Amino acid sequence: QPRVVEFGGGLVQPGGSLRLSCLVSGFALNQYAIGWFRQAPGKEREGVSCFVGKDGTTHYVGSVKGRFTVSRDNTKDIVYLQMNSLKSEDTGLYYCAARRAVYYYCSGPPQLYEFDTWGQGTQVTVSS
């Protein structure tokens, strides 16, 4: 059974950094894609970034481009979301999600309907 678990959230000051981790199990990361999503208070969940395990293709939504980076630990089944230069508007509950990579090219912001395996979320709060 595919499963993903996020961790690494916390409270950080504006301008600071956090690294979120998405631990995957029950599937081979090379055959899947990972999406990172976030939901701010009172707002809809939005796609932040996607990553294709087989070839490392990534895409970032404009608001985080240049500040967030997705990477993979090749020795562990973990996908990271490195978040730098954090802003108050980055505050929210962050989720990772997985889907089979067949016919998925990560050519734009990930969409909720494209992913079928979700974690429980980890809270990121950017505040002074």
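An open sheet of 4 strands runs in the order 1-3-8-7, with antiparallel pairing. Strands here are DSSP runs of E with at least two residues, numbered from the N terminus; two strands pair if DSSP finds at least two bridges between them. Strand 1 (3–7) and strand 7 (68–73) stand at the edges. Each has a single partner strand, so one side of each is left without a neighbour in the sheet. From one strand to the next, the twist averages 20 degrees. The angles are taken between N-to-C directions of lines fitted to C-alpha atoms and run from 0 to 180 degrees. The model is predicted: local features need pLDDT of at least 70, side-chain atom pairs count only at pLDDT 80 or more, and totals for chains, interfaces and linings use all residues. Residues are numbered from 1 along each chain as its sequence is written, and side-chain values use heavy atoms, with hydrogens and water left out.

Within this sheet, strand 3 (residues 18–25) and strand 8 (residues 78–83) pair in the antiparallel sense over 6 bridges. Leu-23 has Ile-78 of strand 8 as its bridge partner.

Strand 11 (residues 122–126) shows alternating side chains. Thr-122, Val-124 and Val-126 point to one face and are buried. Buried means under 20% relative accessible area, exposed over 50%, and partly exposed in between (1.4 Å probe, protein chains only). In a regular strand the side chains alternate between the two faces of the sheet. Strand 11 pairs with strand 2 (residues 10–12) in the parallel sense over 3 bridges. Here Leu-11 has Thr-125 as its bridge partner. Strand 9 and strand 11 run antiparallel and are joined by 3 bridges. Tyr-94 stands opposite Thr-122 in strand 11.

The whole structure holds 5 aromatic pairs. Rings of Phe, Tyr and Trp (its six-membered ring) pair if their centres lie within 6.5 Å; planes under 30 degrees apart count as stacked, over 60 as edge-to-face and the rest as tilted. Phe-37 and Phe-115 form an edge-to-face pair, 5.5 Å centre to centre with 80 degrees between the planes. This pair links distant parts of the chain, 78 residues apart. Phe-37 lies in strand 4 (residues 32–39), and Phe-115 in the loop between strand 9 and strand 10. Phe-37 is buried, with a relative accessible area of 0%. Phe-115 also counts as buried, at 5% relative accessibility. Tyr-104 and Phe-115 form an edge-to-face pair too, at 5.4 Å centre to centre and 75 degrees between the planes. Both of these residues are buried. Ring pairs link Phe-37, Tyr-95, Tyr-104, Phe-115 and Trp-118 into a cluster.

Tyr-103 is placed in the loop between strand 9 (92–100) and strand 10 (117–118). At 70% relative accessibility, Tyr-103 counts as exposed. With Val-102 and Tyr-105, Tyr-103 forms a nonpolar patch on the surface, with about 430 Å² of accessible area together.

Cys-106 is found in the loop between strand 9 and strand 10. Cys-106 has a positive phi of about 50 degrees although it is not a glycine. Most residues other than glycine have a negative phi. Cys-106 is buried, with a relative accessible area of 4%. Ser-85, in the loop between strand 8 and strand 9, also has a positive phi, near 50 degrees. At 40% relative accessibility, Ser-85 counts as partly exposed.

Technical notes: Patches are made of residues with over 30% relative accessible area and no salt bridge: like charges are joined within 9 Å, nonpolar side chains (Val, Leu, Ile, Met, Phe, Trp, Tyr) within 5 Å. Accessible areas come from the Shrake-Rupley method with a 1.4 Å probe; for residues, only the protein chains shown count as cover. A salt bridge is a side-chain nitrogen of Lys or Arg within 4 Å of a carboxyl oxygen of Asp or Glu.
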